[in-house]
Amino acid sequence: MVLDALAHLTEERVDHRFKGLPPDAEGLTVGELAAQRRNLFTDGFTTPVLALSAERLEHNLRLMETYAARHGLAFAPHGKTSMAPQLFQRQIEHGAWGITLAVPHQVRVARAFGVRRVFLANELVDAAALKWIAAELDADPGFRFVCYVDSVRGVELMDAALSEAGASRPVDVVVELGAGEGARTGARTEDECATVADAVAGARRLRLAGVAGYEGEVPRADPERVRAWLRRLVALAVDFDKAGRFAGLDEIVVSAGGSAWFDAVADVFAEVPELSAPVLKLLRSGAYVSHDDGHYRELTPFNRVPEEGALEPAFRLWTQVVSRPSDGQAFANAGKRDAAYDLDLPFAQVVRRDGSERPATGISVTGLSDQHAWLRTTGEADLEVGDWVGLGLSHPCTSFDKWELIPVAEADGTVVDYIRTFF
């Protein structure tokens, strides 16, 4: 099913829906266009166009595969970053246990492409979505689904909806421990977590599978505060196990891990003691797949543990200078519709002219309009109307979502694949 669904993506016709692709490719299938191995710079692609580096993408996939294995972690990368089933499949081929998602629509996408294990990092209380989940679980004995619970009310709503749907398989849930007062979701105290767990024990259609949370929401996060919260999470699992709450499980889920503190997760999860069943230490970092040139370049744990390797930014947004009104200013034809801007503005990296590429010395992005990048230029800048400017981006989660079909290009510009997204 997985390969059939992915193969079907190659049969989609190229047309006006997909930004940046060559106009003369109209009517070709994606597979036919990929087989032509066109060059991003010389074979008809139009600006703006977002591209993924084939080499850097593969590097990042391999690095996190080996990192998780080295630290004894199962890996369920957060799929909301890319919402690209082709990348889900590559992540699974590189050892991922499954895919983490955030909302029901994303789970439907994953299931349409055959993902067998889904961790939903949210409490699911939508009755229609729960009815669909129940049907998926009942129809496929190999489908594993786990989601958060953080309130008695949520447990009651879930159980009622699943009972109404006639679910025959219980839904596995993990109690979410909140990261602190003022943080995002999650029960705030261990006592509240125990109350939620009691409610799960009394539910007919739910099964308590473990504990989880998100250390990225720890207030005033630093290594000490993050590790202290992670140790609370581990202690909660230990206390639940001593109380017999996990009786009958084949494995106990303990899960955390965004893209900023997975080194702390690895360290603390290494301290998990032996419990009544094997522990699935589930890491959920997602931004690694493309990494970035801003937010995650600064926050990545590999900055703290350089001996473990380094992620590489795989995105580059190619835009073209369309106006040079003064020596100190220029405008390129990519804006908020094309580039992430919620955390940092794009970064001017390289300029291409007449087939040659050079550093974007003296060029910086100072603002974005809907369809324009505002460029400040100093006396060092050699920039003309018509030049292509390669921009680095910050925050993968709001870069992928602006592009439905993304070329994957090798270092020389040869496009070897196209990544379809589903936001």
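This is a predicted model: local features need pLDDT of at least 70, side-chain atom pairs count only at pLDDT 80 or more; totals for chains, interfaces and linings use all residues.
Trainee: How many disulfides does a search of the whole structure find?

Mentor: A disulfide needs two cysteine sulfur atoms within 2.5 Å. The search finds 0. Take Cys-147: the nearest cysteine sulfur belongs to Cys-193 and is 15 Å away.

Trainee: Is Cys-147 buried or exposed?

Mentor: Buried means under 20% relative accessible area. Cys-147 has 0% relative accessibility, so it counts as buried. Cys-397 is buried too, at 11%.

Trainee: What makes the pair of Phe-41 and Trp-388 edge-to-face?

Mentor: Look at the angle between the ring planes; over 60 degrees counts as edge-to-face. Here the planes of Phe-41 and Trp-388 lie at 65°, with centres 5.9 Å apart, so the pair is edge-to-face. It links distant parts of the chain, 347 residues apart. Phe-41 is in the loop between helix 2 and strand 1, and Trp-388 is in strand 16. Trp-388 is buried, at 13%. Ring pairs also join Phe-41 and Trp-388 with Trp-318 in a cluster.

Trainee: Which geometry do Phe-113 and Phe-422 show?

Mentor: Their pair is tilted, with 50° between the planes and 5.5 Å centre to centre. Phe-113 lies in the loop between helix 5 and strand 4, and Phe-422 in the segment after strand 18, 309 residues apart. Phe-113 is buried at 12%, while Phe-422 is partly exposed at 24%. The whole structure has 13 aromatic pairs.

Trainee: Where does the charged end of Lys-19 sit?

Mentor: For a charge over a ring, check the distance to the ring centre and the angle to the ring normal. The charged end of Lys-19 sits over the ring of Trp-403, 3.9 Å from its centre. The charged end of Arg-111 sits over the ring of Phe-143, 3.9 Å from its centre.

Methods. Residues are numbered from 1 along each chain as its sequence is written. Side-chain values use heavy atoms; hydrogens and water are left out. Buried means under 20% relative accessible area, exposed over 50%, partly exposed in between (1.4 Å probe, protein chains only). Rings of Phe, Tyr and Trp (its six-membered ring) pair if their centres lie within 6.5 Å; planes under 30 degrees apart count as stacked, over 60 as edge-to-face and the rest as tilted. Helices (H or I, at least four residues) and strands (E, at least two) are DSSP runs, numbered from the N terminus. A charge sits over a ring if NZ of Lys or CZ of Arg is within 6 Å of the ring centre and within 35 degrees of the ring normal.
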